[in-house]
Amino acid sequence: MSVSYSLLEQIIFESVHYVIRTVHSQSKVLDPEETNLRVKIATRFNEKEEEEEEEEKKKKEKDIEKDQDKENQKEKENGKKKKQENVPQLEFISSKTDIERNIINRLEIIGYRLGERTAERIAKNKPRFQEEVEKMRFVAKDIWTALFGKMVKNLRTNHQGKWMFQDDDFKLIRNISFTLSEELQNVSHQQNTRKNQQKQKQTNTTNIIMTESQKQILQSYLYIPCGIIRGALSAIGVECTVTVICEQLPDCVFTAKIINKK
Amino acid sequence: MHIVSLAVVGKKNNPLYIYCENPKKKENFEYIIHTSLDFFEENKITNNEKNSNEEKPLYVGLLFPVESYRVYGYLTLTNYKLICIIDDTTSKNEEVGFFMVDFHKFLCEAICNPFYITGSPINSQIFHKKIIQRIKK
């Protein structure tokens with residue numbers, strides 16, 4: 001498929017571009033602490049390990065609830081200090097360091113530029129948009145089919161500037177898997193509930209319920225599509241912030257909040 | 001169809017690309033392009049029912065006592081304005097329309113360059129060459 005090939009090309013070019021930029025800008029060598037942090041981010045799977053790391057970092061009490069409270073406090077402080085339009089506000093956040101925010105920002109910008117360019121290409125022969133609904137439909141149908149081969153399953157609004165794109169079987173995270181022990185944990189947890197059994201019978205996809213830590217890691221794969229939506233909408237003329245919620249594995253809900261400039 | 005000047009204007013009405021056949025008269029054409037931006041705004045407000053990618057002829061009339069130009073505009077869905085100044089009274093709307101479609105296509109390709117920053121001037125030489133080739137046809 002020619003379109004998917006061009007998407008890959010663009011992603012490759014973008015990543016190369018960013019590598020070149022960072023090589024030129026960051027002349028200093030990364031501290032060993034920073035590299036350790038990155039390794040820790042990448043290999044966080046077990047909840048116990050996470051807790052230990054957080055305790056080490058913060059040097060505080062060993063109660064889980066207290067840690068979470070303090071995490072929430074830190075979130076708010078960090079959120080107030082750094083208000084960047086490019087960084088989307090996320091649902092599941094543990095204490096984010098500068099490096100993590102930087103990476104998130106860059107991933108989102110990659111998606112943003114992808115979205116702009118695909119909107120430019122696809123909007124050549126389309127009729128003019130009369131209302132906001134049509135612009136959202138353009139993203140939900142045309143851009144989704146061009147990039148992922150299918151349309152968004154459900155497009156909803158709360159009529160107050162919030163639009164939700166729900167995709168049942170999101171292509172970019174569809175084939176993500178966990179280690180064997182985790183899968184067994186997830187499956188056993190899943191089989192206990194009747195609802196999931198009924199759901200599995202209805203749809204052919206097996207939705208996997210994830211733990212908190214797994215969801216946090218999954219978030220890192222969802223920044224690029226957030227950016228894509230934001231880029232496509234801003235190319236058409238709608239400024240917004242995009243967030244994503246992913247409860248079960250292939251089922252995502254992207255919410256776009258429109259920024260009204262008065 | 002004798003094209004005298006071309007321009008691409010971005011979303012915030014900033015000029016991204018200006019081509020003039022005669023570089024000495026560049027300032028005059030820049031002025032004409034600037035005035036044509038008002039007509040785009042008018043069109044947005046008055047006409048709610050439109051077909052895609054609009055073009056409208058703008059008669060500037062006898063700006064210069066010697067020559068008279070026609071200014072054609074084209075507004076993409078992503079709010080890029082393509083402006084084309086023609087020095088020919090025998091050209092038809094359709095001809096210009098075909099040229100604008102090609103122009104839009106070249107612009108699309110120039111924007112899709114991953115090293116291009118949206119909102120910055122288009123300095124792509126390939127874009128320039130393509131336009132010059134197209135003009136000569």
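pLDDT is the predictor's confidence in each residue, from 0 to 100. This is a predicted model, where local features need pLDDT of at least 70, side-chain atom pairs count only at pLDDT 80 or more, and totals for chains, interfaces and linings use all residues. Residues are numbered from 1 along each chain as its sequence is written, chains are lettered from A and ligands numbered from 1 in the order written, and side-chain values use heavy atoms, without hydrogens and water.

**Exercise 1.** Find where pLDDT stays under 50 in chain B.

*Solution.* Start with the chain. The mean pLDDT of chain B is 78. A value of 70 or more is reached by 82% of its residues. Next, take the elements (DSSP runs: helices are H or I, at least four residues; strands are E, at least two; numbered from the N terminus). Helix H3(B), residues 125–136, has the highest mean, 91. Strand S3(B), residues 54–61, has the lowest, 42. Finally, the stretch: pLDDT stays under 50 over residues 48–66 of chain B. There the model has 51 contacts (heavy atoms within 4.5 Å) beyond four places in sequence.

**Exercise 2.** Describe how S3(A) pairs with S4(A).

*Solution.* Locate the strands: S3(A) spans residues 240–246, and S4(A) spans 252–258. They run antiparallel, joined by 7 bridges; pairing requires at least two DSSP bridges. A:Thr243 faces A:Thr255 across the pair. Now check cover. In S3(A), 5 of the 7 residues are buried (under 20% relative accessible area; exposed is over 50%, partly exposed in between; 1.4 Å probe, protein chains only). For chain A, 39% of the 262 residues count as buried.
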